Amino acid sequence: MKSLQRILAIVVKEVRQLRRDRLTFGMIVGIPVLQLIMFGYAINMDVRHLDAAIADMSGTSASRQMVMDMSESQIINVIEQVSSVEELEHLMRQGKISVGIYIPPDFDRRLHQANRAAAQLLVDGSDTVVQGAAAQLAQVASQVRTSPYNDRPPVMELRTYYNPERRSPVNTVPGLVGVILTMTMILFTAVAIVRERERGNLEMLITTPVRTSELMLAKIIPYVFIGLIQVSLVLLLGHFLFHVPMAGSLLNIYAITLVFIVANLALGLVISTLVSTQFQAMQLSFFILLPSILLSGFMFPFAGMPRPAQMIAEVLPLTHFIRLIRGVMLRGASLLELSAELLVLCGFIGVFMTLAILRFSKRLD
Amino acid sequence: MTELAIQAHGLCKTFGKVEAVKSLNLEVPRSRIYGFLGPNGSGKTTAIRMLCGLLTPTAGDINVLGYSIPKEAEALRLKVGYMTQKFSLFEDLTVDENLQFMADIYTLEKKLKHERIGLAIEHYGLGKLVKQRAGTLSGGQKQRLALAACTLHAPELLFLDEPTSAVDPENRRSFWEALFDLVAEGTTILVSTHYMDEAERCHALAILDKGSLVAEGSPEELQAAIDATIVIVETDQPRRVGKMLEQQSFIHSSAQVGNVLRVMVSSDQATPEKAVSDVIKREGFNLKNCKIAKPGLEDVFVAATRERKTAV
C-alpha cells in the first residue's frame, strides 16, 4: 500500500512534468506522424513509374507488343517516342528519363537469333535502385522472345504472397511501429533518470524511503501509455494513408506492442544507469537505434545478412518485434504461433529490469 | 534512547588519491543545532553525505539515531530530512505539487498529509506562492520551500548542507528563526556553512579544514580557548604595516578591517600589544593606537586552520 502511494506519487509527477515539457509532448505525436509519412512514401524499394522514352525503329507488331508489356508492368512510364539512340542519350543526360528503350529496325529478325540481343535497354546507372528495376524490366522483355524453345514454360513464374501488389508501405508500416517505438521509448527512460541526476533531484530522491524497484517501475508506467498512443497513431495513419491491411486482431497487435514497449523502456533504464549526462544517454540510444534499423529486418531481409550481423540482430528487441508484428498484421498469425518470439521479448524485459535495478544505487559513490 | 543523535569514530573518505575526510570523530547531542564550519572543499558535504548514508565511508563507524550507517541507511530514511546544497525539488512543478509529492514519498496518510502541508505553507509563508512553479521562486523562497518539504515527515534529525548560500541576510535571519522553532520541538539539526554569523548561532561547532576536524565546541568555548591574542592596530599605513607584521615570527596573521589592522599574536608573548607596538616603532612606522580585543569566531577559524598548516 505504501509502495503504491510512492509509485503513484512519482507517476503523477512524471505526467505533470511531461505535460509542461511542450517540446517532448509535441514529439510524442510529431515523431510517429512525420516518420510514418517520410518512411511510408520515401522508402519505396519497388520502383514504379520510371520515366522512359522509346525509340522504336522497327515498328512491327512484335516490338509494339513488347513496349506494351513493359508499360503494363508499371515499372516504366513512357513519356516520349523518339527516333534515334542519340535522342535517348540526350534525354537521359538532361535527367528527363531514367530508362531508354532502343528497338533496332531488324528487331524481328534478331528475336529469332538466340545468340543476339534483340533490343537495347539504356539505364541511368546513377541510382542503384533504378538499376535493379531495369533488371526486372529486362525479364519482362524476355517473354517476348519467340525462340525455338517457346514451347517451354517461362524461366520463372513470379508470384508474390501477402503483398501481391509489391507495395513497400505494407511492409514498412508494421516495421515502422517498431522503429518509432525504439526511437522514442528508449530515449524517454534513458534520459529520465539522468535528467534528475543532472538537475540534482536524484540526490534528494535517494535520501527518501522510495525503493529502487519502485522508482524504476514508476519511471516506466507513464511512458507505456505514451507508447500505446504512438502505436495507435501509426496504425491509424497506416490504415488510412497507406491502406495497410490488418490480417490479425487488433488485440493481438496491442498485446505484442505492449511487451515491446516495456522491453524498450527497460532498456532505456539500463542506459540511464550507465551514463552520467543526458548527452551521453542520447548517444547511447542512437547507438542502439541504428543497428536496430539496419539489422532488424526492417530495411534489409534478415536472411540475406551475414551470420555475425544476424547474431547482433538477435539481441536487439526490434528484430523480434518485426517478426511478431509482420506475423500478426500481415499474415494473421496467432500469438501462440509466435510464442517463441514473444518469450524472447519477455526475457529481455526480465534481464533489462534486473540490470537496471542492480545497477542503480541509492548511493552516490 | 541515546542522548546523542550522531556518533562517528575514525570516519575517512578517499576519492582516488584525494582524502576528502580524514579520521573524523563526532558527537552530536539531540535537540541542538550543530554546525560544520569550513571553507569550500573542507569535506563538509562529504561528511554529511556519509552521515546520511549517501556515501560509503572508506573507514570508520557511524551511528545515527541508533542506526548503524551505512548498513541500516534505508531504515533511517524515514527519520531524517536532508536539504541539499543545490535546490533539489522539481522546478517544473508548483510549490503545492512539490509538497504533495514529498508527502506521498514519505507515505503520509491523507488526513495527516493535508494537515502538515497546510501548516507548512502557513509557517513558511508560502501561501501566495502555492500555484507558482518552484523554478520561478527567489532564492529565499526556494530555501523556505526546501525546508518545508524536508520537514513534512517530521524528521528527528535534519541535515542542511549550506542552506543559505543563495539567500539574502534578511531571509537568512528568518530561515534561522525557523530552525530554532524546529529545535524547540525536539529536532536535531546538523548544518554546514561558511558564514561566521551563521556559525555563531549554532549550539556547537566543528571547524573542518582539508577534511580534518581542527576545533570543536560552542562558539563561546572556542573563542575563549583560542591559542592567540588579538591586537587591534591603528596606523596611517595599514597595508605596509600589515605586510611587515606578517613577516614577524610571533605574529600568526594580520587582516585589514576598514582602517584598522586585526593582528593575531602568538600566545607565548606575555605583553602582546607591547610586542606589536615595539616592532612597528622599530621599523619606523607611525602608530596611533594599539590595544587588545576580544577574539571573534573568524579569529578562531583563522587560528584553527593556521595550526594545521604549520603542523603539516
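A residue counts as buried here if 20 or more other C-beta atoms, placed from the backbone, lie within 10 Å of its own. The model is predicted, with local features needing pLDDT of at least 70 and side-chain atom pairs pLDDT 80 or more, while totals for chains, interfaces and linings use all residues. Residues are numbered from 1 along each chain as its sequence is written, and chains are lettered from A in the order in which they are written.

Select chain A. Of its 365 residues, 39% are buried. The chain has 14 helices and four strands, taken as DSSP runs (H or I, at least four residues; E, at least two) numbered from the N terminus. Contacts require C-beta atoms within 7 Å; of those in chain A with a separation of 6 or more, 79% join residues 24 or more positions apart.

Finally, select 250–274 and 317–331 of chain A, helices H10 and H13. Their axes, lines fitted to C-alpha atoms over the stretch in contact, are 10 Å apart at an angle of about 170°. H10(A) is therefore roughly antiparallel to H13(A) (over 145 degrees, between N-to-C directions on a scale from 0 to 180). Among the residues that meet are A:Phe260 and A:Leu267 in H10(A) and A:Phe321 and A:Leu324 in H13(A). This contact has 11 nonpolar, two polar and no charged residues.

Terms used. A residue is buried if 20 or more other C-beta atoms lie within 10 Å of its own, exposed if 12 or fewer, and partly exposed in between; C-beta atoms are placed from the backbone. Two residues are in contact if their C-beta atoms, placed from the backbone, lie within 7 Å. Angles under 35 degrees count as roughly parallel, over 145 as roughly antiparallel, 65 to 115 as roughly perpendicular and the rest as oblique. Ala, Val, Leu, Ile, Met, Phe, Trp, Tyr, Cys and Pro count as nonpolar, Asp, Glu, Lys and Arg as charged, and the others, Gly among them, as polar.
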